Amino acid sequence: MAERVKILSGDWDKPESWSLATYKASGGWQALPKALKMQPQQIVDQVVKSNLRGRGGAGFPTGMKWNFVRKETSFPKYLVVNADEGEPGTFKDRAILEKSPHMFVEGLVIGCYALDCHLTYVYCRGEFRKAAAARLQQAIDEAYAQGYLGKNIFGSGFDLDMQVVIGAGAYICGEETALLESLEGRKGYPRLKPPFPANAGGGLFKQPTAVNNVETLANLPAIVEKGGDWFANVGVPKNGGTRLYAVSGHVNVPGVHEAPMGTTFRVLLDEYCGGMRGNKKLKAIIPGGSSSAVMTAEEVDWPSDFDTLKAKKTMAGSGGVVYLDEDTNMAFALANVMRFYAHESCGQCTPCREGTAWLSRLLDKICAGRGEKLDVDNVHQIARQMEMKTICALADGAAMPAKSYIEKFRGDFDALVRG
Amino acid sequence: MIALSKQAGVMPSPFDAEQQRRFDEGFEKAVAKYPPDRRRSALLAVLHLAQDELGWLPEPAMAYVGFRLDVPPVRVREVVTFYTMYRLHPVGRHHIGVCNSVSCWAMGSESILRHCEERLGIRPGQVTKDGQFSLEEVACLASCGTAPAALHNNFTYVENVTPESVDALIARLRTEPGQTMAPGPHPRHLEDKHAIEKQSQPQATGTVGQAAATTVPTDKR
C-alpha cells in the first residue's frame with residue numbers, strides 16, 4: 001500500500017497532539033508568516049487552484065465563495081466558522097478541534113487575512129462547550145500569547161480577533177443562515193436567500209460574510225505551504241485534497257480516517273476500517289450523513305467525491321459514512337432517521353414542519369406492524385412533494401433518505417405491511 | 001426597546017451573591033465578544049450562564065437576562081423554547097442524555113436507553129423522586145465512531161456505552177453532588193419541546209454487540 005497522505009490527521013497519534021508544542025514540532029504556524037507576505041488575492045487564487053470544496057456538506061468551491069466576498073465593497077467583512085457539527089454520522093470537526101486545534105486556528109487566521117476580515121466567530125454546538133470548544137479556546141489563548149492573533153500579527157499590520165460562541169442544541173443551526181441568526185442571539189430560523197451571506201445584506205450583521213466549515217479551513221496551512229496545485233493533485237479532478245471520513249456503524253475500526261478525495265467506499269471499508277464487524281455482509285451505506293440518499297452493497301465501488309455522488313443522485317455531504325450490515329432492517333433505520341428530522345425541523349416552512357412529522361408517524365406505524373402498502377407509497381410521495389419547496393435544505397435532507405430507502409430496500413418495508 | 005430597562009426600573013436578580021458574582025463575570029466576557037452595538041447577540045451565551053447557576057431557567061431568570069441585555073421578554077422566551085439545551089423545568093442533579101441517532105441506534109442505543117430506564121425507574125423526560133437523576137433522549141452528539149454515546153449534564157461525553165458502564169456511571173454519580181438545581185415544580189413528564197406523537201417506538205436493533213432483530217417488535221410498551 002502506498003504511503004497515505006495525511007494533511008490533517010498527521011499528528012493525531014502523538015501524545016498531546018492538541019498542544020502548541022506538538023503542532024510547532026511538526027512544522028505548524030509556519031504557513032501564516034508566509035501567507036502574510038502574500039497579497040490576499042494571491043491566497044484566494046491558490047485556494048481556487050487547489051479545488052478545495054466546502055467540507056460541511058454542500059461541497060461548494062471555497063475559492064469561489066471567497067471571491068464573492070472579496071468582490072463586495074461593504075466593510076467590515078466577517079468569516080464565520082461552522083462548528084455546529086450535528087449531522088447524524090458526522091464527527092470529524094470535533095476530532096479536529098480536539099486533536100489539532102492549532103492547525104484549524106492557523107487556517108482561520110490565513111482565511112481572515114485573505115478576506116480582509118478582522119473579527120471572526122467560531123460557532124460551536126452547545127454540547128462541545130466543555131470538551132472541543134474548551135480545547136479550541138485554549139489554542140486561541142496560546143495563539144494570542146504567541147502573537148499569532150491580536151494586533152499587528154508578525155509585524156504585518158494585520159489585526160484579528162477570534163471569538164468562540166456556543167450554541168444551545170439545534171441541528172438547524174448548522175444551516176449557514178440559521179447559524180448567523182443564532183450567532184446574532186435569535187432562534188435559528190434560516191433566512192430567505194438572496195441576499196446570500198457572501199453579499200452585503202445577507203451575512204452576519206448584514207455584512208458580507210463567508211461561512212466555512214472547520215475541516216475546510218484546517219486545510220489552509222497546507223495549501224499555503226505546498227501550493228494549490230499540489231493540493232489539487234492529492235484528490236480527483238475538481239475535488240482537491242484529502243477528506244476526513246467519519247466512519248461509524250458495523251465496521252471493525254470506526255473513527256475518523258483521512259483518505260484522498262474520491263476514495264471508493266470499498267477501499268474505505270476494507271483498507272481503512274478493517275471490513276465489516278463479525279464478518280457480516282454489508283447491506284447499506286449512508287455516504288455523507290443521514291441526509292444523503294442511501295447506497296446498496298452493490299454500489300460500494302462508487303468513488304466518494306462530490307461530483308460522482310451528485311451524478312448518482314446521492315451526496316458526499318458531511319463525510320459521515322455509516323456502514324450497515326445484513327441484520328439491519330432499513331425500514332426501522334428510516335424510521336429512526338425520520339424521527340430526527342421531525343424533531344429538528346425548525347417549523348418555519350409548512351412542507352417541512354408537517355411533512356417530516358407526517359413521515360415519521362407513518363414510518364412508526366409501519367414499523368409497529370400496523371401499516372398498509374399504501375402507507376409505504378405515501379411516504380415516498382410525501383417525500384417527493386417536500387423537495388425544493390422550503391427555505392433551507394432540511395426538508396430535502398429528509399426527503400432524500402425517505403425516497404432512497406424505499407426505492408432501494410422496498411422489501412424491508414413490504415415485509416412489515418399488510419396488502 | 002432601548003427604553004425597556006428604564007421602564008422596568010430595577011429587575012430583581014434570581015441569584016445569590018456568589019452566583020451573581022460568577023454570572024456578572026461571565027456576562028462581561030460574553031458581551032465583549034460582540035461589537036458594542038450588538039450586545040444583544042450574546043443572549044444565548046447569557047442564558048447558558050443563568051442556567052449554569054440555577055440548573056434550569058425559571059421565569060425570573062429569563063426576565064432578568066432580558067433586562068440585562070435589553071432584549072424584550074418575548075424574544076428571550078422564543079430563544080429558550082427553541083433550543084433544546086435550555087430547560088423550562090428542573091431536571092435531575094444528574095441529567096443523562098442517551099443519543100438515539102442513526103449510528104448509535106445501529107450500535108444498540110435502544111437497549112442502552114431501556115437499561116437506563118430500568119436502573120433509574122424513569123422514562124425519558126422524567127425525574128427520579130429524590131430529584132437526583134433525569135433521563136432524556138438526545139440527537140446526534142458527533143460521537144458516532146464511539147457509539148453508543150451519552151451525555152451527562154449537557155456537556156460531558158460518555159462514550160462506548162455498555163449496560164455495565166451505565167451501572168458504573170450511575171453508581172459513581174450517586175456519590176457526587178451533581179449540578180445545582182433551583183427548586184421548582186417537578187413535572188411527572190417534562191415538556192418535550194418538539195415531541196411528535198409517537199405511535200410506537202421503532203426497535204430494530206438488538207442489544208449491544210449483537211445482531212439486529214429483523215422482526216416486528218411485539219413489545220409495544
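Reply: Two strands count as paired if DSSP finds at least two bridges between them. In this predicted model, strand E1 (residues 94-99) of chain B and strand E2 of chain B meet that criterion, pairing in the parallel sense over six bridges. One of the residue pairs is B:Ile96 with B:Leu135, the latter being its bridge partner in E2(B). Strand E2 of chain B spans residues 133-138, and five of its six residues are buried, so the strand is largely enclosed by the rest of the structure. Buried here requires 20 or more other C-beta atoms within 10 Å of the residue's own.

Next, the contact between the chains. Chain A supplies 62 residues and chain B supplies 46 residues. On the side of chain A that touches chain B, the elements giving two or more residues include strand E3 (161-166), helix H8 (176-183) and helix H14 (330-344) of chain A. H14(A) gives the most to that side, with nine residues. By class, the residues on this side of chain A are 26 nonpolar, 22 polar and 14 charged.

Within chain A there is a further contact, between domains. The chain is divided into domain 1 (20-234), domain 2 (244-325) and domain 3 (330-414). The C-alpha centres of domain 1 and domain 3 of chain A lie 34 Å apart. Their contact takes nine residues from domain 1 of chain A and seven residues from domain 3 of chain A. On the domain 1 side of chain A, where it touches domain 3 of chain A, there are seven nonpolar residues, one polar and one charged.

Terms used
Residues numbered from 1 in each chain as written. Chains lettered and ligands numbered in written order. Predicted model: local features only at pLDDT ≥ 70, side-chain atom pairs only at ≥ 80, totals over all residues. Contact = placed C-beta atoms within 7 Å. Helix = DSSP H or I, 4+ residues; strand = E, 2+ residues; numbered from the N terminus. Nonpolar A, V, L, I, M, F, W, Y, C, P; charged D, E, K, R; others polar. Domains from an automatic or database assignment. Buried ≥ 20, exposed ≤ 12 C-beta atoms within 10 Å, placed from the backbone.
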